[in-house]
Amino acid sequence: MIYGAYGFTGRLIAEEAVARGLRPVLAGRDAVRLAEVADRLGLSHRAVALDDAAGLRGALEGCGAVIHAAGPFAETSAAMAEACIASRTHYLDITGEPAVFAALRAAGPRAVAAGVALLPGCGFDVVPTDCLAAMVAARCPEAERLTLAFAGIDTPSRGTLRTAARNLDAAPLVRRAGRLEPRSGRLSTRLDFGDGPRRVIATTWGDLETAWDSTGIPDIEVFMAPAPATAALMRLPGPLRRIAARLALSERALARLPEGPDAATRRTARARLFARAEGPGGAVAEARLEVCEPYAFTARSAVEIARRVLAGPAPRGYRTPSQAFGKGLVLDIPGSRLLE
């Protein structure tokens, strides 16, 4: 099942699944919008709301796994995960929200008892960064600090922007000595993704949880290369920046934006990622990765992980992408290559 199949990313996942020879059941709350996508792809569909616990369990009947693509996941993931545990259906999602990973980790023992996999972050959030983190950690086994960064989300979807709007007034988080805390000091630095240094800004990304799970490194920070519009906002004074961001992320403003990157962009754009692990005595390991356009990557990786889960045996309980399928998972997604 693909839940949220009529959203921008949900549609891409459904189209990729069909292209890979799968016949998913499409699901979501809006029956009319759902039927439009299902009819176009020749798939069956089931309309059900996330707050209908019994209906959701019934809709999952006969499905081996669900790709949950309806965000913001802080509001939606718990209901779907509970339904999956109750119905013994493997749970996958495409979140990048740290709190969601923490909540699903806590639900891990119940999922193990039910024989269910909990696999959040099956898209660009966070497959590439999680795998890259595991790669550099393996080369710097006593690492104490991990820096991750990504570049390439230049046309975020409306769903991504809605999630960003929820965290507008929150300071970016970092992990220090194993604990999450607000970042203090400078919010930007310069990193080289393989094409020369560029400015990046601190962000709250799912790897603050997943990289901790995958590597055990106690200090973790994540940066992103801002899209042009974001970079322009960052140059404004703090109070003015917040006002401008609220206006830009209002529902009225979002309705005027494209749903996400167009087909040509998804075919041709690339994203780059950076990871550096630092250990005692000056030990350093760095790696750089290039992947296809982030939304195209999400569709490809979510479907690939679903295919592996359905082929079995699926891991039981909570796992990060690299824990479930190894640090080389990202290189099995078409368009991915290491740059080192």
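The dialogue below concerns aromatic pairs and their surroundings. This is a predicted model, in which local features need pLDDT of at least 70, side-chain atom pairs count only at pLDDT 80 or more, and totals for chains, interfaces and linings use all residues. Residues are numbered from 1 along each chain as its sequence is written, and side-chain values use heavy atoms, with hydrogens and water left out.

Student: How many aromatic pairs does the rule give?
Tutor: Rings of Phe, Tyr and Trp (its six-membered ring) pair if their centres lie within 6.5 Å; planes under 30 degrees apart count as stacked, over 60 as edge-to-face and the rest as tilted. By this rule, the number of aromatic pairs is five.

Student: Which helices do Phe8 and Tyr295 lie in?
Tutor: Phe8 and Tyr295 form an edge-to-face pair, with 5.6 Å between centres and 75° between planes. Helices are DSSP runs (H or I, at least four residues), numbered from the N terminus. The pair ties together parts 287 residues apart in sequence, because Phe8 lies in helix 1 and Tyr295 in helix 14.

Student: Is Phe8 buried or exposed?
Tutor: Buried means under 20% relative accessible area, exposed over 50%, and partly exposed in between (1.4 Å probe, protein chains only). The relative accessible area of Phe8 is 12%, so Phe8 is buried.

Student: What is the geometry of the pair of Phe124 and Phe150?
Tutor: The ring centres of Phe124 and Phe150 are 6.0 Å apart. Their planes stand at 80°, so the pair is edge-to-face.

Notes: Helix = DSSP H or I, 4+ residues; strand = E, 2+ residues; numbered from the N terminus.
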